[in-house]
Amino acid sequence: MTNTHEILEALKMRGGQQEDLFAAARLARRLSLGNEVTLRGVIEVTNICRVNCDYCPMRRDNTHENDRFSLSEDDIVDSVHAIVEAGIGVVLLQGGETPRVLPVIERALKRITNEYPRLEIILNLGNFSHDQYARLREAGATSYILKHESSDVALFERLRHEPFEERMHCLWDLKSLGFRVGTGLMTGLPGQSMESIVSDLMLAREVGVQMCSVSPFVPAPNTPMEGLPAGDNELALNVIACMRVLFPFMSIPSVSALERTHTGGQRRGLDAGANVLTINFSKSKDREKYLIYGKNRFIVSASHVETIVRQAGMVVKASDSVASTTMGAPV
Ligand code: 5AD
Ligand code: SF4
């Protein structure tokens, strides 16, 4: 799979051809990363957002409907303890885009890195300035996910009401600061072409990201897009498989949105070549207010992860003992 035409053909595969594509992706994964799934523990730090994405219930225009929350420094540190105690070596702090959280995050990061110097800390907090990113890096964040969502500039700007250029500028800033960088795309957006999905993969290559996610579009309630059809899971799965073949070492999550529309969808993500699963460590009162995908989003638990990792014939990657104390067995 070396040129645009071959990738386009691969994205359309179904049935036996699709199974062959997935098998090639699994082989690429086995040769590069073994059969290991990396677990991330996610903490949702705030549902406040200054952006107004048409697909997201936490969009700015819904401020009056959403009961807004923002974690304290202690809340964040407590949840990190829970993640490390569960034997997980990667923490993902994610939230809506607001500069309000930055001082809290910075202070929490300093405490966390002091306690666990080997923990990987990924932030997913949106666009900020070079200086703001530099402070987060300085405070101990190792990685940053900033999804480009779609490389179709007109589509990006129509759905996000933000300049695409600015997003790319942020991605390059993150790279230059030495973060491990992640991007991501959505598939099945209205008006999105297959060619633009190939461009999404080329963008990931050009920036040289270490992580990339794919999420099928979920029509979420209380958004301007609630009445639209959901993105096809099969297309998102084919994107995962193509990414694995093209970028064998990439960290590729099998996201909960795959499970949201199809039971077994997240397991299929592993079958298609993904190697990362994210377990939710937000407290349930906050979880209910983190309205991404709407109220009945699929919450990934440790037991769900255990089941699908086993079903996929994979094993959980040991977290190399990031905790100074003795840890329990990995989930
Ligand atoms: N459908 C699919 N993915 C979504 N995201 C947000 N809302 C939706 C939706 N309705 C994804 C986007 C965003 C991340 C927080 O979740 O990729 O960056
Ligand atoms: Fe904000 Fe992210 Fe939702 Fe967009 S997708 S409105 S940036 S929380």
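## Around ligand 1

A residue counts as near a molecule if one of its heavy atoms lies within 4 Å of it. In this predicted model, 10 residues surround ligand 1 on that basis. The closest are Tyr55, Glu149, Ser215, Pro216 and Val218. Sorted by class, the shell around ligand 1 comes out as 7 nonpolar, 1 polar and 2 charged residues.

Now for the polar contacts. Glu149 uses its side chain: an N or O atom there sits 2.4 Å from an oxygen atom of ligand 1. With Tyr55 it's the backbone that takes part, as one of its N or O atoms is 3.0 Å from a nitrogen atom of the ligand. Ser215 brings a polar side-chain atom to 3.2 Å from a nitrogen atom of ligand 1. As for cover, ligand 1 exposes 400 Å² when taken alone, and the protein buries 89% of that.

## Around ligand 2

The shell here is made up of Cys49, Val51, Cys53, Tyr55, Cys56, Met58, Arg59, Gly96 and Arg160. Split by class, ligand 2 has 6 nonpolar, 1 polar and 2 charged residues around it.

## A pair of helices

The crossing of H2 past H9 is left-handed.

Notes. Residues numbered from 1 in each chain as written. Chains lettered and ligands numbered in written order. Predicted model: local features only at pLDDT ≥ 70, side-chain atom pairs only at ≥ 80, totals over all residues. Heavy atoms only, no water. Polar contact = N/O pair within 3.5 Å; in protein donor to acceptor, adjacent residues only side chain to side chain. Areas by Shrake-Rupley, 256 points an atom, 1.4 Å probe, with all protein chains shown as cover. Nonpolar A, V, L, I, M, F, W, Y, C, P; charged D, E, K, R; others polar. Left-handed = near helix turned anticlockwise from the far one by under 90°. Helix = DSSP H or I, 4+ residues; strand = E, 2+ residues; numbered from the N terminus.
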